[in-house]
Amino acid sequence: MPRAIWTGSIAFGLVNAPVRMYAAIDEHDLDLHLVHVRDGSRIGYVKVCKEEGEPVPDDEIAKGLEVDGELVLLEPEDFEAAESEDYKAIDILAFVRHDEIDPIYYERSFYLGPQEGAEKVYSLLVEALRRAELTGVVRYVFHDREQLGALRVRDGVLVLAKMHYADEVRPLEDIRPEKAAKVDERELELALTLVERFSGEFDPTAYEDRYRERLLAIVRKKRRGGEVERVRPQEPKETSDLLAALQESVARHSGRRGRGTGRGRNGLASLTVEELAEKARALDIAGRSKMTKDELVAAIEQEAS
């Protein structure tokens, strides 16, 4: 059982559903260290007073907020005073349709599981949300701050998505073109055809962190004493003839119709030769330029195993 990172209750009218919060995301970022090149020792950090240039002990450090040029120091009691009385509750404020919440508001998701003995009320809330096909807009306190969230059901489990407040989302006025360019109907038809070539069902397992994969291949090669081939990134070419570029793109991807995103055998079987060659290059597989598609698949699977 994973470790709970928060415990509390979902307040639904006069009904309370005791829950535990669990991390839903397990990011696979590489744990890189800063190292002193001369002796290989790790770099540490010291909290230094910028005025005196001397290290400061933790018991002499406080948090402060600058307001109109004046620094206001805050004590732990000040943060406690700002907490909500319901700091252990997830208050449901409203229910809305799923598509009413713009994805830009979502920040990070957490799983909510029932506390011991609360399985019945938990299951009741899950089933009610599932049948209503609605998302609950909620308010809760987490990491010493009142948060906005969205409560929904995923495969029979409650998911709490931390959301941005409206004033945290930057407006579009400075990004949106002042004058919309006229769209050529022939170009639009080709663009829609190209979109159709790439359309299909979403399969999250079809997408991998290629940068992480390439970096790990470099680490493995350096451990073996090999030299790393430096690849200069290609600058994207400016599209001088949009119509011709669209026509060529549609012709190049004519075999993708109805393919979707399913990848089959370890996500490799339905990749193109070019895509497989890119993976083989990232893994530094020798002789890749002369391999057939099946040979590339076998070599990539062997290297990844």
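A residue counts as exposed when its relative accessible area is over 50%, and as buried when that value is under 20%. In this predicted model, Phe 202 has 65% relative accessibility and is therefore exposed.

**Strand 7 and its neighbours**
- Strand 7 spans residues 134-142, and seven of its nine residues are buried, so the rest of the structure largely encloses this strand.
- Six bridges join strand 7 to strand 5 (residues 89-97) in the antiparallel sense, with Leu 134 as the bridge partner of Arg 97.
- Strand 7 also pairs with strand 8 (residues 145-154), again antiparallel, over seven bridges; here Tyr 140 stands opposite Gln 147.
- Two residues separate strands 7 and 8 in a hairpin, and His 143 in the turn has a positive phi of about 55°.

**Aromatic pairs**
- The whole structure contains three aromatic pairs.
- One of them is the edge-to-face pair of Phe 110 and Phe 142, with 5.6 Å centre to centre and 70° between the planes.
- This pair links distant parts of the chain, since Phe 110 is in strand 6 (residues 106-114) and Phe 142 is in strand 7, 32 residues apart.
- Phe 110 is buried at 8% relative accessibility, and Phe 142 is buried at 7%.
- Phe 202 and Tyr 207 form a stacked pair, 6.0 Å centre to centre with 15° between the planes.
- Tyr 207, at 46% relative accessibility, is partly exposed.

**Other side-chain features**
- Phe 12, Val 15 and Phe 95 make a nonpolar surface patch of about 240 Å².
- Val 15 belongs to strand 2 (residues 15-23) and is partly exposed at 37% relative accessibility.
- Lys 63 lies over the face of Phe 79, 5.5 Å from the ring centre.

Terms used: Residues numbered from 1 in each chain as written. Predicted model: local features only at pLDDT ≥ 70, side-chain atom pairs only at ≥ 80, totals over all residues. Heavy atoms only, no water. Buried < 20%, exposed > 50% of the residue type's maximum accessible area, 1.4 Å probe, protein only. Helix = DSSP H or I, 4+ residues; strand = E, 2+ residues; numbered from the N terminus. Pairing = 2+ DSSP bridges. Patch = residues over 30% accessible without salt bridge, like charges linked within 9 Å, V, L, I, M, F, W, Y side chains within 5 Å. Areas by Shrake-Rupley, 256 points an atom, 1.4 Å probe, with all protein chains shown as cover. Salt bridge = Lys/Arg side-chain N within 4 Å of Asp/Glu carboxyl O. Phe/Tyr/Trp six-rings, centres within 6.5 Å; stacked < 30°, edge-to-face > 60°. Lys NZ or Arg CZ within 6 Å of the ring centre and 35° of its normal.
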